[in-house]
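Here is a friendly walk through one protein model and its ligand. Take a look at the sequence and structure below, and keep them at hand as you read.

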Amino acid sequence: MVKIAEVVARSVKPTFSVELWPPRSPASAMKLEQTLPILEELHPTFTSITYGAGGSTREKTHDLVVRIKRETSIEPMAHLTTAAHRKTELVLILERYIAAGVENILALRGDPPLSGDVELPPGELGNAIELVKLARSLGDFSITVAAHPEGHPDSPNLEIDRIMLARKLELADMAITQFFFVADDYFRLVDDLEKLGISKPVLPGIMAPTSLKTLEKMVQLSGAKVPNRVWQRLYGAGDDVEAIKSIGVEIAIELSEELLKRGAPGIHVYTMNEAATTVEIYRSLGLG
Ligand code: FAD
């Protein structure tokens with residue numbers, strides 16, 4: 001039984017964890033088969049597995065989580081979202097995880113898919129706090145939640161967003177942040193939570209901006225701000241795809257170095273199922 005939040009809280013050295021997507025096509029399934037063993041060699045503290053908005057990857061997420069649990073040395077954390085779900089559906093999903101021995105979940109509200117303008121119904125539970133409560137009532141889960149260093153785009157202001165996050169973290173065990181590019185935003189979040197009486201681990205989520213198109217989509221969806229200096233560095237590479245990739249990795253490494261130097265408990269890399277980028281970040285940080 002591995003409770004990821006406890007492992008992170010007790011770790012004397014920075015943790016290194018990764019996020020994976022369940023594959024949606026034969027080509028992406030093949031890519032994952034190549035990526036998974038490479039990531040396993042890095043001995044990440046855990047890997048989280050995303051859940052497609054509205055349940056679009058329900059079985060695929062479940063199968064990948066259970067497979068990683070049974071067939072690899074990596075501890076999986078299953079993402080689960082409330083959007084577009086009835087409570088009974090969420091109960092079934094959580095009970096299946098209990099039966100499979102999966103005890104780490106990331107409880108989320110959910111967002112529309114990256115590729116479209118799909119409107120998602122809110123779901124019976126409405127927000128992530130209610131999903132945390134439901135999971136607690138069903139089993140002995142270690143529960144992680146999402147945090148938004150710049151505030152969630154739906155919040156009327158940052159103060160209210162922090163209060164909502166503090167309430168969520170009173171019930172949950174740990175948070176992982178949305179991606180961001182300014183280290184001060186992360187430390188302001190941690191300080192604000194401490195003022196509200198919360199000192200549970202908050203892992204910074206790191207996304208290497210290796211593609212302008214993907215970054216633009218992610219920004220549109222998450223509301224995250226990208227500083228001009230980041231855009232300038234990326235656009236400075238013109239149409240050179242490889243140059244953009246290596247600048248993106250450099251940006252992620254610089255941010256991670258600053259976060260770890262200033263006391264972040266670890267880093268959580270949004271791998272987008274790209275092994276090479278993740279390995280480069282890992283090696284440059286000397287985490288091995
Ligand atoms: P919530 O905590 O529910 O908050 C959403 C908004 O509602 C906030 O503005 C909050 O302040 C407000 N709020 C919360 N509770 C209340 C309340 N009681 N009363 C009034 N207002 C309230 N999306 C996916 O679809 N699949 C994924 O796998 C996925 N993985 C993610 C992983 C991480 C680490 C992160 C940071 C995000 C991920 N997301 C994923 C995106 C996430 O679903 C979105 O950011 C979503 O818009 C908000 O999710 P949340 O869990 O933070 O929502």
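Does F187 count as buried or exposed? At 12% relative accessibility, F187 counts as buried. Please keep in mind that this is a predicted model.

**Around the ligand**

- The shell around the ligand has 24 residues, and Y51, H79, H148, H152 and K168 come nearest.
- By type, the shell residues divide into nine nonpolar, 10 polar and five charged.
- R109 takes part through its backbone, with an N or O atom 3.0 Å from an oxygen atom of the ligand.
- The side chain of N127 has an N or O atom 3.3 Å from a nitrogen atom of the ligand.
- In S155, a polar side-chain atom lies 2.9 Å from an oxygen atom of the ligand.
- On its own the ligand has 980 Å² of accessible area, and the protein covers 83% of that.
- Strand 3 (76–81), strand 4 (104–108), helix 6 (158–171) and strand 6 (174–179) are the elements that give two or more residues to this shell.

**Aromatic pairs**

- The count comes to five aromatic pairs.
- Y186 and F187 form an edge-to-face pair, with 4.9 Å between the centres and 80° between the planes.
- Y186 has a relative accessible area of 2%, so this residue is buried.
- Ring pairs also link F180 with Y186 and F187 into a cluster.
- W231 and Y235 form a tilted pair, 5.9 Å centre to centre with 35° between the planes.
- These two residues, W231 and Y235, are separated by about one helical turn because they sit four residues apart in helix 9 (residues 228–235).
- W231 is buried at a relative accessible area of 19%, while Y235 is partly exposed at 45%.

- Most residues other than glycine have a negative phi.
- M272 has a positive phi, near 50°, and is not a glycine.
- N273 is not a glycine either, and its phi is positive at about 60°.
- M272 is found in the loop between strand 8 (266–270) and helix 11 (275–284), and N273 has its place in the loop between strand 8 and helix 11 too.
- M272 counts as buried at 15% relative accessibility, and N273 counts as buried at 6%.

**Salt bridges**

- The structure holds 19 salt bridges.
- D140 and K3 meet through their side chains, 3.3 Å from N to O.
- D140 lies in the loop between helix 5 (128–138) and strand 5 (142–147) and K3 in the segment before helix 1 (4–10), so this pair ties together parts 137 residues apart in sequence.
- D140 counts as exposed at 57% relative accessibility, whereas K3 is buried at 15%.
- E59 and R96 form a salt bridge of 2.9 Å, N to O.
- That pair links helix 3 (residues 58–71), which holds E59, with helix 4 (residues 87–99), which holds R96, and the two residues are 37 residues apart.
- Both partners count as partly exposed, E59 at 39% relative accessibility and R96 at 35%.
- The side chains of D184 and R262 also meet in a salt bridge, at 2.9 Å from N to O.
- D184 is in helix 7 (residues 183–195) and R262 in the loop between helix 10 (241–261) and strand 8, 78 residues apart.
- D184 counts as partly exposed at 39%, and R262 is partly exposed at 40%.
- Through shared partners, salt bridges join K3, E103 and D140 into one network.

Conventions. Residues are numbered from 1 along each chain as its sequence is written. This is a predicted model: local features need pLDDT of at least 70, side-chain atom pairs count only at pLDDT 80 or more; totals for chains, interfaces and linings use all residues. Side-chain values use heavy atoms; hydrogens and water are left out. A residue is near a molecule or strand if one of its heavy atoms lies within 4 Å of it. A polar contact is a pair of N or O atoms within 3.5 Å; within protein, one must be able to donate a hydrogen and the other to accept it, and residues adjacent in sequence count only if both atoms are side-chain atoms. Accessible areas come from the Shrake-Rupley method with a 1.4 Å probe; for residues, only the protein chains shown count as cover. Ala, Val, Leu, Ile, Met, Phe, Trp, Tyr, Cys and Pro count as nonpolar, Asp, Glu, Lys and Arg as charged, and the others, Gly among them, as polar. Rings of Phe, Tyr and Trp (its six-membered ring) pair if their centres lie within 6.5 Å; planes under 30 degrees apart count as stacked, over 60 as edge-to-face and the rest as tilted. Buried means under 20% relative accessible area, exposed over 50%, partly exposed in between (1.4 Å probe, protein chains only). A salt bridge is a side-chain nitrogen of Lys or Arg within 4 Å of a carboxyl oxygen of Asp or Glu.
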